[in-house]
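Work through the exercises below with the model open. Try each task before reading its solution.

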Amino acid sequence: MKKVVNVLSVTGFMFFGAIQSTFAQEAAEESQTFHQELKQRFIEGGPEFMGIVLVALILGLAVAIERIIYLNLATTNTKKLVASVDDALSSGGIEAAKEVCRNSKGPVASIFYQGLDRIDEGVDSAEKAVVSYGGVQMGLLEKNISWLSLFIALAPMLGFMGTVIGMIGAFDSIQVANDISPAVVAGGIKVALLTTVFGLVVAIILQIFYNYIVSKIDSIVNNMEDASIQLIDLLVKYKK
């Protein structure tokens, strides 16, 4: 009985291994076919507008990746930072709190440092410094976002321009051949549709990154504002 079970187990493993190998081979073939099809469609769309749309995609992705990395580095645990500043104020005063901010990364720590640096001039001056430097940090968070918006708008516009030029070419072919048969206009219409599709695909991809970046900025800004209010409360308590 045990031999039968062992034989069946080995046979089952071999069967599932063969199925997995078959699926992996089919997936690899499909992937290769997809890449070949994509390359062929890209060439058929024409190097002029398709190349420009590709450049827009590359530059847009470069900006998006740079922003995502920067925003992830700018994200800090504000609750922990506020607690550390509170402990430093209670134990070592302003200089100890400033040292905590110097050793912390992110825009919130920089804003805290500016507020602590102006506390000798009064709480009002510290609050103004926090508000002013908060605006500076917000500008740094939103840096290069306008370029990403430009590429999102530019990609479909270039696709539509390729569409118009392709249709003009199709009508030119009709005029030259003096015939309106499908074979005459098929080439121009294909170019027109391909440039439109690629332009829209690029815009969709960049739009997803753009929405993620905007939501990330909003989250960081909300944390900055909340932490700034808590800092002013700590400074008021410290001055009493």
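The lining of the largest pocket has eight nonpolar, three polar and two charged residues. The model is a predicted one.

**Exercise 1. Find the largest pocket and state which helices line it.**

Step 1. Start with the volume. The largest pocket holds about 230 Å³ of space.

Step 2. Go to the centre. Of the 13 lining residues, V130, V131, M224, E225 and S228 are the closest to it.

Step 3. Assign the helices. α5 (123-141) and α7 (182-239) each give the lining at least two residues.

**Exercise 2. Locate the largest cavity and classify its lining.**

Step 1. One cavity of 30 Å³ or more is present in the structure.

Step 2. Take the volume. The largest cavity comes to about 50 Å³.

Step 3. A74, T75, T76, T78, P107, V108, I220 and N223 line the largest cavity. Two or more of the lining residues come from α4 (107-117), and two or more from α7.

Step 4. Sort by class. The lining of the largest cavity has four nonpolar and four polar residues, with no charged ones.

**Exercise 3. Decide how α4 and α5 are oriented: roughly parallel or roughly antiparallel?**

Step 1. Recall the description. Two packed helices are described by the angle and the distance between their axes.

Step 2. Read both values. The axes of α4 and α5 come within 8 Å and cross at roughly 150°.

Step 3. Apply the cut-off. Angles over 145 degrees count as roughly antiparallel, so α4 and α5 are roughly antiparallel to each other. Their crossing is right-handed.

Step 4. Inspect the contact. From α4 come P107, S110, I111, Q114 and G115; they meet A126, A129, V130, Y133, G134 and Q137 of α5. These contact residues split into six nonpolar, five polar and no charged.

How values were computed. Residues are numbered from 1 along each chain as its sequence is written. This is a predicted model: local features need pLDDT of at least 70, side-chain atom pairs count only at pLDDT 80 or more; totals for chains, interfaces and linings use all residues. Side-chain values use heavy atoms; hydrogens and water are left out. On a 1 Å grid over the protein atoms alone, a cavity is a set of points where a 1.4 Å probe fits but cannot get out, and a pocket is an open set with protein on both sides within 12 Å along at least five of seven lines; lining residues have an atom within 4 Å of a point. Grid points are joined across faces, edges and corners, and a volume is the space filled by probe spheres set on the points. Helices (H or I, at least four residues) and strands (E, at least two) are DSSP runs, numbered from the N terminus. Ala, Val, Leu, Ile, Met, Phe, Trp, Tyr, Cys and Pro count as nonpolar, Asp, Glu, Lys and Arg as charged, and the others, Gly among them, as polar. Axes are lines fitted to C-alpha atoms, for helices over the stretch in contact, and angles run from 0 to 180 degrees between N-to-C directions. Angles under 35 degrees count as roughly parallel, over 145 as roughly antiparallel, 65 to 115 as roughly perpendicular and the rest as oblique. A crossing is left-handed if the near helix is turned anticlockwise from the far one by less than a right angle, and right-handed if clockwise. Contact means heavy atoms within 4.5 Å.
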